[in-house]
Amino acid sequence: MRARLIFLGLSVLTGLTLALAATLAAAEVMTNADVLEMTRAGIAPDIISSKITSTGGSFDLSTRAILELGQNQVADNVIRAMMTATP
């Protein structure tokens, strides 16, 4: 009986660990490349900003990177959303 309980406990723990790993792997973090790709695809700036707000991101906001974003027609409000999403 004790062995069954241990086995059951380990099975549940393994299942929870696998579920957590799958959730973490599915967590998306946007980058400058994602923003550039969405802009080039013609996605509306407010949609991109909403995606950034809901997803978060890890953005390069150096002067050079901001210049590149501007040169690629990324809207100012999208760049502001990127700045807000980056700690």
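Tutor: Let's start with confidence, since this is a predicted model. The protein chain has a mean pLDDT of 84, with 72% of its residues at 70 or more. Residues 21-25 are a stretch to treat with care: pLDDT stays under 50 there, and the model gives them 0 contacts beyond four places in sequence.

Now to the part you asked about. The largest nonpolar core has 12 residues: Met30, Val35, Leu36, Ile48, Ile52, Phe59, Leu69, Val74, Val78, Ile79, Ala81 and Met82. Helix 2 (32-40), helix 3 (45-55) and helix 5 (76-85) are the elements that supply two or more of them each. Helix 5 is the top contributor, with 4 residues.

Pick out Leu69 and look around it. Setting aside neighbours within four places in sequence, Leu69 touches Asn32, Leu36, Val74, Ile79 and Met82. Of these, Leu36, Val74, Ile79 and Met82 are also listed in the core.

Next, see how two of the helices sit together. The axes of helix 3 and helix 5 come within 9 Å and cross at roughly 5°. That angle is under 35 degrees, so the two helices count as roughly parallel. On the helix 3 side, Pro45, Asp46, Ile48, Ser49 and Ile52 make the contact; helix 5 answers with Asn77, Val78, Ala81, Met82 and Ala85. Sorted by class, that contact has 7 nonpolar, 2 polar and 1 charged residues.

Terms used:
Residues numbered from 1 in each chain as written. Predicted model: local features only at pLDDT ≥ 70, side-chain atom pairs only at ≥ 80, totals over all residues. Heavy atoms only, no water. Core = buried A, V, L, I, M, F, W, Y, C linked by side-chain atoms within 4.5 Å. Buried < 20%, exposed > 50% of the residue type's maximum accessible area, 1.4 Å probe, protein only. Contact = heavy atoms within 4.5 Å. Axes fitted to C-alpha atoms, helices over the stretch in contact; angles between N-to-C directions. Parallel < 35°, antiparallel > 145°, perpendicular 65-115°, else oblique. Nonpolar A, V, L, I, M, F, W, Y, C, P; charged D, E, K, R; others polar. pLDDT = per-residue confidence, 0-100.
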